[in-house]
Amino acid sequence: MDGAERLRGGPAAAVRDPQLFEEFYRRHVDAVMRFVARRVDDPHTAADLTAEIFLAVLDSAHSYRPRLGSETAWLYGIARNVVSSERRRVAREAERDLRFSGRRLLEADDILRIEDRLDAESPGRRVLAALARLPEGERAVMELIAVDQLTVTEAAAALGIRQVTARVRLHRARKVLREEADVKVPETNPPAVQASSTGAGTPDPSLLQVARGEA
């Protein structure tokens, strides 16, 4: 947590003061948007989820504990719950068009900006897709550390688990990925997973870095 966060009093102070909340939003909106853009590929959905995450801050501000990590790590914990909730909701919906009822309209510039963000975060989405084979607990830790660049301490705080639990899950996840990615990839290979219909193929170099703890 930096000096600016301490000076402003953190999320609890922000939700009591509209000006402070505006500063809080501007301070973190890019990081939250990056988090969301790594997990969805539709700009409207990305915009809606980002807004929902900051609305959730209003109800969760009291739960922030500076000693457990930065505001960003705390926000990632909220963001993960919001994104997971959206995935569950979509899975339950029989009619896809229900997702668009009441959706606010975005300006063309907003769409272009979000599409640029989605393009920039496409490598992160590829790695997340590769991590989908891991058990939920291990995948969650690996996502936050390898993709979202949190520390083990911050990832544990975001997930509400002990640091030792996070470290064990991280170790197990990397072991599984190393076993799956035990293939040398020539530098000339494209940076995408060349998967066949059976799931076999050349691993993404970025996944190899994750497995080795280099990402």
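Colleague: Which residues in helix 3 meet residues in helix 4?

Modeller: Bearing in mind that this is a predicted model, one reads such a contact by listing the residues from each side. On the side of helix 3 they are Phe21, Phe24, Tyr25, His28, Val29, Val32, Met33 and Val36, and these meet Ala46, Leu49, Thr50, Ile53, Phe54, Val57 and Leu58 in helix 4. Sorted by kind, the residues of this contact comprise 13 nonpolar and 2 polar ones, with no charged residue among them.

Colleague: How are the axes of helix 3 and helix 4 placed, and at what angle do they cross?

Modeller: The axis of helix 3, which spans residues 18–37, and that of helix 4, which spans residues 43–60, come within 10 Å and cross at roughly 135°. Since an angle has to be over 145 degrees to count as roughly antiparallel, the two helices are therefore oblique to each other.

Colleague: Is the crossing of helix 3 and helix 4 left-handed or right-handed?

Modeller: For helix 3 and helix 4, the crossing is right-handed.

Colleague: How many helices and strands does the protein have, and in what order do the elements run?

Modeller: There are 11 helices and 2 strands in the protein, and from the N terminus the order is α-α-α-α-α-α-α-α-α-α-β-β-α.

Colleague: What share of the residues in the protein is buried, and what of the accessible surface?

Modeller: Of the 215 residues in the protein, 42% are buried, while the accessible surface comes to about 12200 Å², with 50% of that area belonging to carbon and sulfur atoms. As for contacts between residues at least 6 apart in sequence, 62% join residues at least 24 apart.

Terms used: Residues numbered from 1 in each chain as written. Predicted model: local features only at pLDDT ≥ 70, side-chain atom pairs only at ≥ 80, totals over all residues. Heavy atoms only, no water. Helix = DSSP H or I, 4+ residues; strand = E, 2+ residues; numbered from the N terminus. Buried < 20%, exposed > 50% of the residue type's maximum accessible area, 1.4 Å probe, protein only. Contact = heavy atoms within 4.5 Å. Areas by Shrake-Rupley, 256 points an atom, 1.4 Å probe, with all protein chains shown as cover. Axes fitted to C-alpha atoms, helices over the stretch in contact; angles between N-to-C directions. Parallel < 35°, antiparallel > 145°, perpendicular 65-115°, else oblique. Left-handed = near helix turned anticlockwise from the far one by under 90°. Nonpolar A, V, L, I, M, F, W, Y, C, P; charged D, E, K, R; others polar.
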